[in-house]
Amino acid sequence: MKLGIIGAGFIGQNVAKLALAAGHQVMVANSRGPQTLFSFKAMNPGVEVGTVAEACDFGDMVLLALPFANYPQLPADKLSGKIVLDANNYYPARDGHFEALDKHHTTTSELIAGHLTGATLVKVFNAIIASDLATDGRPQGAKDRRALPIAGDDVAAKAQVVALLDEMGFDAVDAGPLAEGWRFERARPVYCVALNKADLAAKMAATERYVDLPETTWAE
């Protein structure tokens, strides 16, 4: 499988490393151009770097790991027909305020899907900190295997994402369609908390939509 990654921050870099270790081909891109990824390429043999357009063309799946407010800049035409993995989170202090999100009228992934109308979006990798991605993977059947939440409207696409997570050392819990992605957005009880499959499913089911946790309870 070929994975294009848009965003070369810590999440993008660690997903790239896990995908390479699982035997996949990876191309990483950022908004500043492939020349700025020289060191990352040198330290990770096998990874390719390119422009955003090249990463879109390259990937069978394309991971979005960029600041949420930048999503309108994504090339919708280049991502049409692709499975797009959405690792974005909404931080008003960084992204500015989006009234529809502040009032819980929609979700981050639904807004992005509305822009990328030809793509198939799966929300994943947003509810784990980058350092945990690098260390928390475990073999199948391990008692301490961590589960990650996903959401999406396409069953077949989600199945491919579940398989990818399994290769990377994680179980998956399907929260349902993209509209249910609020259950593991920022300031929810499962956000960036290490949980096994049963506990993650139970906590997501009990999550209340209009109750945001104080920042001190989930931000480190």
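Predicted model: local features only at pLDDT ≥ 70, side-chain atom pairs only at ≥ 80, totals over all residues.

Residues are numbered from 1 along each chain as its sequence is written, and side-chain values use heavy atoms, with hydrogens and water left out.

**Stop 1: histidine 104.** Select histidine 104, in the loop between α6 (99-102) and α7 (108-115). Helices (H or I, at least four residues) and strands (E, at least two) are DSSP runs, numbered from the N terminus. Is histidine 104 buried or exposed? Its relative accessible area is 16%, so it is buried. Now check its backbone: phi is positive, about 60 degrees, although histidine 104 is not a glycine. Most residues other than glycine have a negative phi.

**Stop 2: cysteine 192.** Next, jump to the loop between β8 and α10 (197-206), where you'll find cysteine 192. Here too is a positive phi in a residue other than glycine, near 60 degrees. Cysteine 192 has 18% relative accessibility, so it counts as buried.

**Stop 3: helix α9.** Select residues 155-168, the 14 residues of α9. The expected span of a helix is 1.5 Å times one less than its number of residues. For α9 that gives 20 Å, and the end C-alpha atoms are 20 Å apart, which agrees.

Now color Ala157, Lys158, Val161, Leu164, Leu165 and Met168, which are buried in α9. They cover an arc (taken from the directions from the helix axis to the C-beta atoms) of only 115 degrees, so they sit on the same side of α9. What covers them?

Zoom in on the N-terminal end of α9: aspartate 154 caps it, with a side-chain oxygen 3.1 Å from the backbone nitrogen of alanine 156. After α9 comes glycine 169, with a positive phi near 105 degrees.

**Stop 4: aspartate 136.** Last, select aspartate 136, in the loop between α8 (130-135) and β7. Its relative accessible area is 16%, so aspartate 136 is buried. Which residues does aspartate 136 touch, not counting those up to four places away in sequence? They are Arg146, Gly169, Phe170 and Ala194, where contact means heavy atoms within 4.5 Å.

Terms used
Buried < 20%, exposed > 50% of the residue type's maximum accessible area, 1.4 Å probe, protein only. Polar contact = N/O pair within 3.5 Å; in protein donor to acceptor, adjacent residues only side chain to side chain.
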